[in-house]
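Visitor: I would like to go through a model feature by feature. Please give the general idea each time, then the case at hand.

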Amino acid sequence: MSETVIQRAWELLEKEGLSGLTPQRLTIYCEKIESDILNHCPTPLSILLLLWDHVASQSVSQVVPDNPHDCLFESVMTVLEVLQPRRQAMKRLLDDLVTAPCWMKDILPYALKWSRQTLQQADLNTGNILGAFKTHAFALFFFYILKIWSTDESPDCDLTMVKLDQGLSKMLQYNSLAASFL
C-alpha cells in the first residue's frame, strides 16, 4: 500500500477515530477510486492492521540486547519511537478502544501474535501454559504503556521509560518465580 494511503489513514484515525476508520472515508481522504482502497483494505480492521504492519515493519530492532529485560525494553521503545509522529492518532485510538469492546476483541489475536513474537525474541518461553499467560500479560502491559506514552509530557518520555522499566522488572521477576515452581 502506498505511503500516501498510510499517511491519510493516520490522519483519518486522528481526526475521526475508530468510527471514521472505514474504507469509504479513507477513499475520500485519499481522493482515490473506492475499488482501489477496497482491494487492499476491505474492512475497518484491515485499515488498522495496515497501520500496525507499517509500524511493526519500521520498528524491527537491529540490536539484540543480552538479557530479556533489555530486549523487551528496546522492542517497546523502538515501537514508541516509530509511533512518535503519530502520537495524537494513537491517543485517539486508545481513547476509542476503551469504549469499543468489539474492536478489542478483533485486534486481540494480532496483539497476542506481536506479544508472543516479542517475548520469543527476548528468549522467553511462550510454548506452555505459563507462556500463554506471559503472552497475554505482556500484550496488556504494552497497552498500558501505550496509554502512558500517549499522555506523557515529560521531557524525553521519562515517565514512560520509568513505568516500562518497572513493569518489565516486575514481569520478569514473576516469570522467574513461576518458572521455579514448574
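Predicted model: local features only at pLDDT ≥ 70, side-chain atom pairs only at ≥ 80, totals over all residues.

Guide: Residues are numbered from 1 along each chain as its sequence is written, and side-chain values use heavy atoms, with hydrogens and water left out.

Visitor: What volume does the largest pocket have?

Guide: A pocket is an open set of points on a 1 Å grid over the protein atoms alone, where a 1.4 Å probe fits, with protein on both sides within 12 Å along at least five of seven lines; lining residues have an atom within 4 Å of a point. Points are joined across faces, edges and corners, and the volume is the space filled by probe spheres set on them. Here the largest pocket has a volume of about 550 Å³. It is lined by 25 residues, and the closest to its centre are Leu97, Ile107, Ala111, Phe143 and Leu146.

Visitor: Which helices supply at least two residues of that lining?

Guide: Helices are DSSP runs (H or I, at least four residues), numbered from the N terminus. Those supplying at least two residues each are α1 (3-20), α4 (44-58), α6 (87-98), α7 (101-121) and α8 (129-151). The most comes from α7, with seven residues.

Visitor: Is Val79 buried or exposed?

Guide: Buried means under 20% relative accessible area, exposed over 50%, and partly exposed in between (1.4 Å probe, protein chains only). Val79, in helix α5 (residues 68-83), has a relative accessible area of 2% and is therefore buried.

Visitor: Which residues is Val79 in contact with, leaving aside neighbours within four places in sequence?

Guide: Contact means heavy atoms within 4.5 Å. For Val79 the partners beyond those neighbours are Trp52, Val55, Ser59, Trp114 and Phe142.

Visitor: Where is phi positive in a residue other than glycine?

Guide: Most residues other than glycine have a negative phi. Asp123 has a positive phi, near 60°, and Cys157 has one near 55°. Asp123 is in the loop between α7 and α8, and its relative accessible area of 72% makes it exposed. Cys157 is in the loop between α8 and α9 (158-181), but counts as buried at 13% relative accessibility.

Visitor: How many salt bridges are there?

Guide: A salt bridge is a side-chain nitrogen of Lys or Arg within 4 Å of a carboxyl oxygen of Asp or Glu. The count is six. One of them joins Glu11 and Arg8 at 3.4 Å, N to O. These two are about one helical turn apart, because three residues separate them in helix α1.

Visitor: Which parts of the chain does the pair Asp95 and Lys147 link?

Guide: The side chains of Asp95 and Lys147 meet in a salt bridge at 3.1 Å, N to O. This pair links distant parts of the chain, with Asp95 in helix α6 and Lys147 in helix α8, 52 residues apart. Asp95 is partly exposed at 34% relative accessible area, and Lys147 is partly exposed at 27%.

Visitor: What about Lys105 and Asp106?

Guide: Their side chains form a salt bridge at 3.0 Å, N to O. Lys105 is exposed at 56% relative accessibility, whereas Asp106 is partly exposed at 29%. Elsewhere, salt bridges that share partners join Lys91, Asp95 and Lys147 into one network.
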